[in-house]
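Take a look at the chain shown below. We will walk through it piece by piece, starting at the surface and moving on to helices, salt bridges and loops.

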Amino acid sequence: MPRPLWAGAISFGLVTIPVKIVSATEDHDVHFHRVHLADMGRVRTRKVCELDGKAVSQDEIGKGYEIAMDETIAVTDEELEGMPLPTAKAIEIAAFVDADTIDPVRISHSYYLAADGQVAAKPYTLLRKALERSSKVAVAKFAWHGRERLGLLRIREGAIVLHSMKWPDEVRNPQELAPREVEVGEEEIEQALQLAERMTIADLSGFHDEYREALENIIAAKSEGKPLPAPAEGEGKEKGEVVDLMAALNASVKAARESRGEDGEDATVHEMRPSRKTARKAPAKKTAASKKSTASKKPAKKTAAKKRSAS
């Protein structure tokens with residue numbers, strides 16, 4: 001069990017469930033130190049007071065809020081902890097909603113809620129079963145790290161999960177980022193759906209961090225004095241604009257089938273139509289050909305006329 005990050009209780013009506021918050025994820029990233037390249041000495045960040053220019057320790061650092069230019073007031077941790085908030089040491093469930101009504105953009109960090117002692121076992125199980133049978137999620141409020149937060153409670157493999165969420169006014173409106181309206185044909189939509197179906201998988205356990213693995217190989221090679229691994233040769237991709245979306249979709253469906261070991265012969269389910277550019281150019285080519293043939297016939301007629309006059 002990882003080290004608890006917070007201890008309190010879930011407030012569910014008149015039910016109180018003592019819980020501890022533990023992180024639901026682990027950090028497997030490769031972390032670097034900042035070093036002086038000349039001698040590999042560590043370079044650290046010094047916290048310096050702007051007024052006297054002296055470095056200060058963590059014990060000498062507190063929180064301050066600037067209420068006006070050159071006027072700052074100090075706010076202590078004790079004052080923050082003593083704020084009259086009902087959620088100071090409680091995860092207070094405020095409502096239940098259908099899971100599909102929660103916008104994933106609003107979900108932030110994830111934590112597991114562990115029952116804190118045997119006294120919490122029964123109410124913990126009660127809330128878990130209520131969430132499982134209702135197919136709903138609980139929306140809660142809780143205070144943590146100096147601010148009140150919005151949370152979401154759901155069930156994962158028998159454990160209650162707490163997701164911290166963004167408040168409604170913290171999510172930006174994406175409408176100004178959307179592209180202008182364009183026409184998409186039904187055949188293109190059908191091919192896109194077929195591609196999505198071919199790429200559907202049951203779980204994500206097969207995904208792994210290839211960048212981290214490559215970075216670890218570089219570190220291992222450098223530490224052992226070996227040559228660095230050769231960069232992977234990627235398949236060359238032709239640069240340029242994709243003119244025919246249907247052709248790209250058909251090719252993608254075929255590639256998806258072949259990657260699964262399926263027969264890709266029937267990947268193209270719609271007959272391709274010539275693009276408008278091709279349709280416009282075709283008559284021009286025929287006209288040029290007709291002009292060329294007409295021009296080649298005219299000298300023949302003149303030659304024949306000269307032969308008759310000469311005879």
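Which residues form a nonpolar patch on the surface? They are Val182, Val184, Ile189 and Leu193. Together they have about 360 Å² of accessible area. Keep in mind that this is a predicted model.

Ile189 is found in helix α3.

In α3 they are Glu188, Gln191, Gln194 and Leu195. They cover an arc of only 125° around the axis, which puts them on the same side of α3. The spacing has a simple background. An α-helix has 3.6 residues a turn, so residues three or four places apart point the same way.

Check the length of α3 as well. The helix takes in residues 186-198, which is 13 residues. At 1.5 Å a residue, α3 should span 18 Å. Its end C-alpha atoms are 18 Å apart, which agrees.

Which residues of α2 are buried? Look for Pro123, Tyr124, Leu127, Arg128 and Leu131. Their arc around the axis is only 140°, so they sit on the same side of α2. Lys122 and Arg133 are exposed, on the face turned away from that buried side. Ser135 follows α2, and its phi is positive, near 55°.

Helix α4 comes next. It holds 14 residues, 210-223. These should span 20 Å at 1.5 Å a residue, and the end C-alpha atoms are 20 Å apart, which agrees. Look at both ends of this helix. At the start of α4, a side-chain oxygen of Asp209 comes to within 3.2 Å of the backbone nitrogen of Tyr211. Just after α4, Gly225 has a positive phi of about 70°.

Glu224 and Lys226 join their side chains in a salt bridge, at 3.0 Å from N to O. Both Glu224 and Lys226 are exposed.

How many salt bridges does the structure hold? There are 8. One of them pairs Lys20 with Asp116, with the closest N and O atoms 3.7 Å apart. Lys20 lies in strand β2 (residues 15-23), and Asp116 lies in the loop between β8 (107-115) and α2, so this pair ties together parts that are 96 residues apart in sequence.

Another salt bridge links Glu170 and Arg147, at 3.4 Å from N to O. Glu170 belongs to the loop between β11 (159-165) and α3, while Arg147 is in strand β10 (residues 147-156), so the pair ties together parts that are 23 residues apart in sequence. Glu170 counts as partly exposed, with 37% relative accessibility. Arg147 is partly exposed too, at 35%.

Now for the loops. Most residues other than glycine have a negative phi, and most peptide bonds are trans. Met40 is not a glycine, yet its phi is positive, about 65°. You will find Met40 in the loop between β3 (35-36) and β4 (41-42). Asp70 also has a positive phi, near 65°. Its place is in the loop between β5 (63-68) and β6 (71-75). Asp70 has a relative accessible area of 74%, so Asp70 is exposed; the cut-off for exposed is over 50%.

End with Asp29, in the loop between β2 and β3. Asp29 counts as partly exposed, at 49% relative accessibility. How far is its C-alpha atom from that of Glu216? The two atoms are separated by 10.0 Å, although Asp29 and Glu216 are 187 residues apart along the chain.

Technical notes:
Residues numbered from 1 in each chain as written. Predicted model: local features only at pLDDT ≥ 70, side-chain atom pairs only at ≥ 80, totals over all residues. Heavy atoms only, no water. Helix = DSSP H or I, 4+ residues; strand = E, 2+ residues; numbered from the N terminus. Expected span 1.5 Å × (residues − 1). Polar contact = N/O pair within 3.5 Å; in protein donor to acceptor, adjacent residues only side chain to side chain. Buried < 20%, exposed > 50% of the residue type's maximum accessible area, 1.4 Å probe, protein only. Arc of directions from axis to C-beta. Patch = residues over 30% accessible without salt bridge, like charges linked within 9 Å, V, L, I, M, F, W, Y side chains within 5 Å. Areas by Shrake-Rupley, 256 points an atom, 1.4 Å probe, with all protein chains shown as cover. Salt bridge = Lys/Arg side-chain N within 4 Å of Asp/Glu carboxyl O.
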